[in-house]
Amino acid sequence: MSLAKRIREERDRAGLTLDQLAEKAQISKTYLWELEHDPKGHKKPSADILLRIADALSTTIADLLSLPSVRIDEKNVNLSPSLLEFRDMMAQLGDSLSDQDVHDLATMRFRGGQPKSKEDWHDLYRVAKRATKRKP
């Protein structure tokens with residue numbers, strides 16, 4: 001999905017007009033309109049502009065660019081069997097996860113869902129660790 005379409009969809013989801021989003025993101029309405037009407041991606045907004053738009057829409061740059069991302073849901077959730085397998089695998093490797101690590105992983109979503117295997121959990125763990133520069 002193009003950046004143009006993602007911005008428009010997120011703006012519609014947030015119930016904002018073009019003027020309102022431009023004001024919240026502190027960018028010109030004209031530039032925002034140009035971004036939303038550039039389905040071929042000729043416009044290359046800076047990271048700062050993307051961050052301002054993402055913040056104004058309460059989303060992430062990764063979501064706007066349709067990149068893999070994780071979300072933290074503060075709800076308590078049951079630990080899936082695959083997460084328990086991942087926890088045990090990490091313990092066997094000598095890199096035990098803390099209870100907080102396991103809780104944090106259990107509340108993460110990758111593209112709207114949770115990993116289905118211990119290998120997928122390991123991938124998510126590495127991405128989260130790299131993105132936050134610490135254990136999740």
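These questions and answers cover the cores, elements and surface of a predicted model.

User: What makes a residue count here?
Analyst: Local features need pLDDT of at least 70 and side-chain atom pairs count only at pLDDT 80 or more, while totals for chains, interfaces and linings use all residues. Numbering runs from 1 along each chain as its sequence is written, and side-chain values use heavy atoms, with hydrogens and water left out.

User: Why are 35% of the residues called buried?
Analyst: Buried means under 20% relative accessible area (exposed is over 50%, partly exposed in between; 1.4 Å probe, protein chains only). Of the 136 residues of the protein chain, 35% count as buried.

User: What makes the largest set of 17 residues a nonpolar core?
Analyst: A nonpolar core consists of buried Ala, Val, Leu, Ile, Met, Phe, Trp, Tyr and Cys residues joined through side-chain atoms within 4.5 Å. Ile7, Leu21, Ile27, Leu32, Ile53, Leu57 and Leu64 touch the most other members. α1 (3–14), α2 (18–25), α3 (29–36) and α4 (47–56) each supply at least two residues. The largest share, five residues, comes from α4. Apart from this core lies another, of 13 residues, including Phe86 and Val102.

User: Which residues is Leu64 in contact with, leaving aside neighbours within four places in sequence?
Analyst: Contact means heavy atoms within 4.5 Å. The partners of Leu64 include Leu3, Ile7, Leu50 and Ile53.

User: How many helices and strands does the protein chain have?
Analyst: Helices (H or I, at least four residues) and strands (E, at least two) are DSSP runs, numbered from the N terminus. The chain has eight helices and two strands. Their order is α-α-α-α-α-β-α-α-β-α.
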